[in-house]
Amino acid sequence: MPGKIIAVHLNYPSRIAQRGRTPEFPSYFFKPASSLAPTGGTVERPAGTELLAFEGEIALVIGETARWVSPEDGWQYVSQVTAANDLGLYDLRSADKGSNVRNKGGDGYTPIGPVTIPTEGIGEGDWRVRTWVNGELVQDDTSDTLKFPFGQLVADLSQHMTLEPGDVILTGTPAGSSVLLPGDVVEVEVDAPNVPGAPTTGRLVTTVTQGETDFGDFGNRPAVNDLQRIEAWGSEEEHAAAVAAGRATPLDAPDAGASDAATTGSTAPASPLTPEIRELLSGVAVATVSAALRKRGYTEIFIDGVYPNHEGDAILGTAKTLRFIPFRPDLFKEHAGGFNAQKRAFDTVNEGEVLVVEARGVPSTGTVGDVLALRAQVRGAAGVVTDGGVRDFAAVQEFDIPVFSQGAHPSVLGRRHVPWETDVTIACGGAAVQPGDIIMGDRDGVIVIPPFLLAEVAAEAAAQELEDGWVADRVAEGHAVDGLFPMNAEWRARYVAETGRG
């Protein structure tokens with residue numbers, strides 16, 4: 001275990017050009033030993049955050065005590081080199097300006113390894129660092145380009161503190177550092193390709209997971225602005241490309257730490273489905289509510305062609321949307337990997353929400369499977385509605401969560417669809433659905449209720465349901481439906497007299 005982990009802020013000219021500022025001398029920050037992590041591990045992006053960034057780096061391991069050494073001799077005190085990933089959370093960058101205690105010091109924020117390379121016979125300019133995200137090469141640079149060579153770093157630090165055997169110096173990252181999403185896999189490798197035998201560390205592999213625990217209000221909370229988004233992604237152009245790919249939050253979006261639930265996994269806003277309205281709609285048929293909507297001119301509110309995976313299932317919640325577009329190989333390659341729109345939707349659906357999927361009415365591919373349905377259930381979703389098919393249908397039937405679909409289909413996602421975007425207006429089963437709309441379903445089907453109509457429609461439908469029940473009792477007694485259904489004046493008077501309802 002190293003006694004000290006010291007990281008350099010800016011060093012590669014490619015990164016300095018990106019940042020637009022050229023340091024005269026190196027500057028540093030410490031990382032705690034508890035941030036170390038081995039290869040093959042995971043790192044958690046905390047709940048309520050957006051900008052966890054990777055930085056592939058060459059790590060120097062001090063081999064003998066260094067104090068007041070010269071830049072010319074500094075490299076001699078480095079016994080080994082290995083790969084490191086200097087992970088950082090831009091959402092907490094403003095919490096500790098310069099020191100990076102919280103944004104760079106999290107558990108697992110310094111993966112290192114997997115093996116070290118002895119420096120004997122290898123010069124300080126002979127090294128290369130490369131980084132891959134989801135198999136794509138994103139960083140590639142060499143140590144002979146550094147503004148501050150390794151020997152200078154050792155010498156400079158040794159002026160201020162004793163460097164001891166085992167101490168680690170992270171030497172900066174080249175251009176290409178960017179943001180990771182849950183599900184992404186990042187790999188860093190350091191080698192000496194022009195040295196006989198081309199020694200290599202092998203790939204340092206880390207997988208990103210999504211955290212579930214929010215930061216408390218007793219310390220700095222995450223905060224993001226457009227400048228942080230641009231710097232985290234690398235540039236305005238790279239951020240714009242990430243937005244187009246569905247991987248980034250657009251500029252001028254709400255502060256992720258405050259309210260961007262779709263991106264951060266934070267809690268959902270208050271639902272218009274109050275306990276009083278839920279009580280009104282308890283036992284009310286979808287058909288009854290659809291009649292109340294029809295009176296108000298809303299006739300295209302049916303999500304057609306979908307059926308529940310359990311007989312007798314009912315569904316009621318606010319809509320969270322997911323949109324697929326038609327399959328195209330290049331778009332599927334760009335948008336379907338990593339933490340794609342489909343995974344983001346299921347991993348961020350909130351308690352009481354219904355995940356509504358626009359699958360273009362294509363039943364011949366699975367748009368929901370057992371793992372994703374289980375994830376939605378664990379997060380407390382009120383249900384899933386898709387106008388496409390369901391994979392692992394029997395397994396999904398074993399879950400409690402209601403899933404309305406066109407039926408079973410074994411095909412994987414890439415046959416007909418590309419997961420494209422979340423939390424947008426979609427068309428599902430012929431109905432327009434916006435995030436926050438009310439979704440209600442039973443064995444008759446699924447309908448969409450605009451939120452501003454919910455209270456009056458619920459009250460009217462509940463009253464109508466009681467009336468219909470009274471009429472059904474009269475029919476069961478043997479009365480003819482003529483004049484009873486709908487009620488004429490005579491029957492209406494009897495209904496009022498018996499029930500006290502107008």
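Is His417 buried or exposed? At 0% relative accessibility, His417 counts as buried; buried means under 20% relative accessible area, exposed over 50% and partly exposed in between, with a 1.4 Å probe and protein chains only. The model is predicted: local features need pLDDT of at least 70, side-chain atom pairs count only at pLDDT 80 or more, and totals for chains, interfaces and linings use all residues. Residues are numbered from 1 along each chain as its sequence is written, and side-chain values use heavy atoms, with hydrogens and water left out.

View 1. Beyond neighbours within four places in sequence, the contacts of His417 (heavy atoms within 4.5 Å) include Phe324, Phe332, Val362 and Thr367.

**View 2. Helix H4 and what covers it.** Because 8 of the 9 residues of H4 (residues 150-158) are buried, the helix is largely enclosed by the rest of the structure. Among the buried residues are Phe150, Leu153, Val154 and Asp156. The cover over them includes strands S1 (5-8), S2 (28-31), S6 (56-62), S7 (78-85) and S12 (168-170), together with helix H2 (71-74).

**View 3. The largest nonpolar core.** A nonpolar core is a set of buried Ala, Val, Leu, Ile, Met, Phe, Trp, Tyr and Cys residues joined through side-chain atoms within 4.5 Å. The largest one has 31 residues, and those with the most contacts inside it are Ile58, Leu60, Val81, Trp127, Phe150, Val154 and Leu163. S1, S6, S7, H4 and S14 each give two or more residues to this core, and H4 gives the most, with 5 residues. Leaving aside neighbours within four places in sequence, Ile58 is in contact with residues including Val81, Trp127, Phe150 and Val190. A second, separate core of 21 residues includes Phe346, Val396, Ile401 and Leu413.

**View 4. Asp184 and its partner Arg247.** Asp184 sits in the loop between strand S13 (179-180) and strand S14 (185-191). Asp184 is buried, with a relative accessible area of 0%, and a polar contact of 2.6 Å joins its side chain to that of Arg247. Apart from neighbours within four places in sequence, Asp184 is also in contact with Val133, Thr207 and Phe339, among others.

**View 5. Helix H11 and its N-terminal cap.** Asn340 caps the N-terminal end of H11, with a side-chain oxygen 3.0 Å from the backbone nitrogen of Gln342. As 7 of the 8 residues of H11 (residues 341-348) are buried, this helix is largely enclosed by the rest of the structure. Its buried residues include Arg344, Phe346 and Asp347.

Terms used
Helix = DSSP H or I, 4+ residues; strand = E, 2+ residues; numbered from the N terminus. Polar contact = N/O pair within 3.5 Å; in protein donor to acceptor, adjacent residues only side chain to side chain.
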